[in-house]
Amino acid sequence: MSNKIKSVVVVGGGIIGLSIALSLQSKGARVTLLERNEVGKGASWGNAGHLATEQVFPIADPSVLKSIPNMLLDPLGPLRLDWRYLHKITPWLIRLLANMRNAPYQKTHQALVRLNAQSLSIWETFARTWGLSSWIRTHGSLLVAEHENTAQTLKKHGVYLKSIGVNNQWLPPNELHTREPALAETQIGGLFYPDTGHIVDLDAVIQQLLHKFQELGGDVIQACNVQVANKILNRPEYIGEWIA
């Protein structure tokens with residue numbers, strides 16, 4: 001950043017937006033954080049807190065298409081679509097389908113590999129800087145199999161991940177249950193990813209980041225809907241300045 005202090009608006013007060021806002025505020029920017037509801041109570045509130053360095057595959061994956069009908073029909077499924085909104089979301093859906101083509105898919109895949117290779121060490125540095133280390137665990141994670149066909153698929157998956165630099169190890173049943181005794185005996189093996197981590201208390205992390213942000217002079221506007229956000233973004237002090 002230049003020495004000139006700038007006005008920055010960060011839209012969204014989840015773990016990502018809050019981290020961005022704090023980082024910019026600490027570098028001399030004047031940051032306002034806008035949140036539709038309450039900081040940290042949206043998607044971040046229900047997040048598993050997994051620092052998933054092994055997940056290097058785009059969501060825009062052609063294999064997902066065959067699962068969409070079942071997900072839409074399942075009232076407890078991970079996907080819900082308000083059909084009244086379909087005409088508005090159609091342009092985004094078209095771009096999503098376009099990104100499922102091989103060339104853009106591979107480009108995104110390679111970008112995720114490069115980003116995730118650095119993410120855990122950066123998270124650890126970020127945690128030390130802002131006093132979050134007591135809530136970060138970097139003991140690795142497991143992806144387990146209960147059936148032989150699933151186990152074979154996971155083994156092939158692990159071989160491919162190793163070929164692109166994602167560290168993993170196949171654990172047979174005895175090693176798997178030694179590492180994690182709480183697993184059911186029906187689990188017959190699994191991939192161990194040593195270079196992953198977990199946030200064990202997301203609420204504590206969010207509150208610490210929020211405290212540090214405000215301590216440094218950052219502004220937070222909660223219960224901020226789209227209309228309010230537009231008014232804020234049109235204030236003279238933000239025109240021509242940074243908007244994140």
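**Pockets, bridges and exposure in a predicted model**

Modeller: The largest pocket holds about 870 Å³ of space. Before you ask: this is a predicted model, where local features need pLDDT of at least 70 and side-chain atom pairs count only at pLDDT 80 or more, while totals for chains, interfaces and linings use all residues. Numbering runs from 1 along each chain as its sequence is written, and side-chain values use heavy atoms, with hydrogens and water left out.

Colleague: What makes something a pocket, and how is its volume defined?

Modeller: On a 1 Å grid over the protein atoms alone, a pocket is an open set of points with protein on both sides within 12 Å along at least five of seven lines, whereas a cavity is a set where a 1.4 Å probe fits but cannot get out. Grid points are joined across faces, edges and corners, and the volume is the space filled by probe spheres set on the points.

Colleague: Which residues of the lining lie nearest the centre of the largest pocket?

Modeller: Ile-16, His-50, Leu-51, Ala-52 and Trp-123, out of 24 lining residues. A lining residue has an atom within 4 Å of a point. Helix H1 (15-26), strand E3 (50-51) and helix H4 (102-129) each supply at least two residues, and H4 gives the most, with eight. Those labels are DSSP runs numbered from the N terminus: helices are H or I with at least four residues, strands are E with at least two.

Colleague: How does that lining divide into nonpolar, polar and charged?

Modeller: It has 14 nonpolar, 10 polar and no charged residues. Here Ala, Val, Leu, Ile, Met, Phe, Trp, Tyr, Cys and Pro count as nonpolar, Asp, Glu, Lys and Arg as charged, and the others, Gly among them, as polar.

Colleague: And what lines the second largest pocket?

Modeller: That one has about 450 Å³ of space and 16 lining residues, with Ile-68, Leu-79, Trp-92, Leu-93 and Leu-96 nearest its centre. Helix H2 (68-73) and helix H3 (86-98) each supply at least two residues, and the largest share, five residues, comes from H3. By class, the lining has 15 nonpolar, no polar and one charged.

Colleague: What makes Leu-72, Leu-79 and Trp-83 a patch?

Modeller: Patch residues have over 30% relative accessible area and no salt bridge; nonpolar side chains (Val, Leu, Ile, Met, Phe, Trp, Tyr) are joined within 5 Å, like charges within 9 Å. Leu-72, in helix H2, has 31%, so it clears the 30% cut-off. Together the three have about 290 Å² of accessible area, computed by the Shrake-Rupley method with a 1.4 Å probe, and for residues only the protein chains shown count as cover.

Colleague: Why is the contact between Lys-41 and Asp-203 called a salt bridge?

Modeller: The term needs a side-chain nitrogen of Lys or Arg within 4 Å of a carboxyl oxygen of Asp or Glu. Lys-41 and Asp-203 have N to O at 3.4 Å, so the pair qualifies. The two are 162 residues apart: Lys-41 is in the loop between strand E2 (30-34) and E3, and Asp-203 is in helix H7 (residues 202-215).

Colleague: How many salt bridges does the structure hold?

Modeller: Three. Arg-84 and Asp-82 meet at 3.0 Å, N to O. Lys-212 and Glu-215 have their closest N and O atoms 3.8 Å apart, which is still within 4 Å, so that pair counts too. Both lie in helix H7, three residues apart, about one turn of the helix. In general, side chains of opposite charge can pair when their charged atoms come close.

Colleague: Why is Arg-84 called exposed, but Asp-82 partly exposed?

Modeller: Exposed means over 50% relative accessible area, buried means under 20%, and partly exposed is in between (1.4 Å probe, protein chains only). Arg-84 has 68%, so it is exposed; Asp-82 has 30%, so it is partly exposed.

Colleague: How do you know that Leu-210 is buried?

Modeller: Its relative accessible area is 12%, under 20%, so buried is the word.

Colleague: What stands out about phi of Ala-223?

Modeller: Phi is near 50°, a positive value in a residue other than glycine. Ala-223 is in the loop between strand E9 (219-221) and helix H8 (226-233), and counts as exposed because its relative accessibility is 58%.
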